[in-house]
Amino acid sequence: MIKDIFTSSEDRMKKTIDSLKREYSSLRAGRATPALLERVMVDYYGTPTPVNQVANVSVPEPRMIVIAPWEKSLLHAIEKAIMKSDLELSPNSDGNVIRLSIPQLTQERRVELVKTVNKKAEEAKIALRNLRRDANDAVKKMEKAKEVTEDETKKAQEDMQKLVDKYVSEVNNIKTGKEKEIMEV
């Protein structure tokens with residue numbers, strides 16, 4: 001029974017880490033990456049669809065993203081979606097493809113992005129701590145119901161703390177890597 005709680009908690013912790021990585025990949029670090037467009041939704045025949053599902057997205061240069069729509073009629077819709085997004089990039093179209101040039105980040109913008117990275121890392125840590133609390137509460141309920149002993153409860157809480165420490169450490173490593181990437185000129 002305790003093992004089920006652990007397995008469930010660890011799965012949710014892995015999802016928290018994956019979510020953090022996804023959030024970080026969509027942060028613009030002064031370098032072109034197709035992940036920047038993951039949240040940009042294009043109106044594809046009335047259905048909001050991610051850009052990468054209606055076009056080829058490539059990075060021919062470190063500061064350039066090229067979007068080649070599968071249907072020419074989508075060119076304008078993709079441009080419109082990029083303009084509406086929070087990317088703050090202006091698309092250049094030649095009638096066949098859209099080019100997005102990624103400008104060099106200013107030092108002020110880099111510091112702003114590092115603050116955002118730290119905020120998202122802290123949110124991930126809070127989510128991990130909440131998972132720990134939920135698991136510990138479930139084990140305590142089992143102890144009250146006389147399903148497990150006090151020693152098993154204490155051991156389970158120590159193991160859960162070790163698990164949370166492992167994932168918090170992973171969050172810190174991911175955060176440090178992203179900070180270095182952002183501050184790199």
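This report walks through the helices and strands of the structure above and then stops at one threonine.

Please keep in mind that the model is predicted.

**Helices**

Let us begin with helix α4, which spans residues 150-183. Two packed helices are described by the angle between their axes and the distance between the axes. The table gives both values for the two helix pairs that involve α4.

| Helix pair | Axes come within | Crossing angle |
|---|---|---|
| α1 (residues 2-25) and α4 (residues 150-183) | 11 Å | roughly 10° |
| α3 (residues 107-144) and α4 | 10 Å | roughly 170° |

How do α1 and α4 run, roughly parallel or roughly antiparallel? Angles under 35 degrees count as roughly parallel, and the axes of α1 and α4 cross at roughly 10°, so these two helices are roughly parallel to each other. Their contact has 13 nonpolar residues, one polar residue and nine charged residues.

The residues where α3 meets α4 divide into 16 nonpolar, seven polar and nine charged.

**The open sheet**

Now for the strands. An open sheet is formed by four strands with antiparallel pairing, and their order is β3-β4-β6-β5. Which strands stand at the edges? They are β3 (55-61) and β5 (92-93), and each has a single partner strand, so one side of each is left without a neighbour in the sheet. The pairing of β5 with strand β6 (residues 98-101) is antiparallel and runs over two bridges. Here Ser-93 stands opposite Ile-98, a residue of β6.

**The hairpin of β1 and β2**

Strand β1 (residues 41-44) and strand β2 (residues 47-50) run antiparallel and are joined by four bridges. Tyr-44 faces Thr-47 of β2 as its opposite residue. Two residues lie between the strands of this hairpin, and Tyr-45 takes a positive phi near 50° there.

**A look at Thr-49**

Our last stop is Thr-49, which has its place in strand β2. Is Thr-49 buried or exposed? Its relative accessibility is 9%, and because buried means under 20%, Thr-49 counts as buried. A polar atom of the Thr-49 side chain lies 3.0 Å from the backbone oxygen of Thr-47. Leaving aside neighbours within four places in sequence, Thr-49 is in contact with Val-40, Met-41, Val-42, Tyr-44 and Val-54. One of these contacts, Tyr-44, is the residue that stands opposite Thr-47.

Methods: Residues are numbered from 1 along each chain as its sequence is written. This is a predicted model: local features need pLDDT of at least 70, side-chain atom pairs count only at pLDDT 80 or more; totals for chains, interfaces and linings use all residues. Side-chain values use heavy atoms; hydrogens and water are left out. Two strands pair if DSSP finds at least two bridges between them. Axes are lines fitted to C-alpha atoms, for helices over the stretch in contact, and angles run from 0 to 180 degrees between N-to-C directions. Angles under 35 degrees count as roughly parallel, over 145 as roughly antiparallel, 65 to 115 as roughly perpendicular and the rest as oblique. Ala, Val, Leu, Ile, Met, Phe, Trp, Tyr, Cys and Pro count as nonpolar, Asp, Glu, Lys and Arg as charged, and the others, Gly among them, as polar. Buried means under 20% relative accessible area, exposed over 50%, partly exposed in between (1.4 Å probe, protein chains only). A polar contact is a pair of N or O atoms within 3.5 Å; within protein, one must be able to donate a hydrogen and the other to accept it, and residues adjacent in sequence count only if both atoms are side-chain atoms. Contact means heavy atoms within 4.5 Å.
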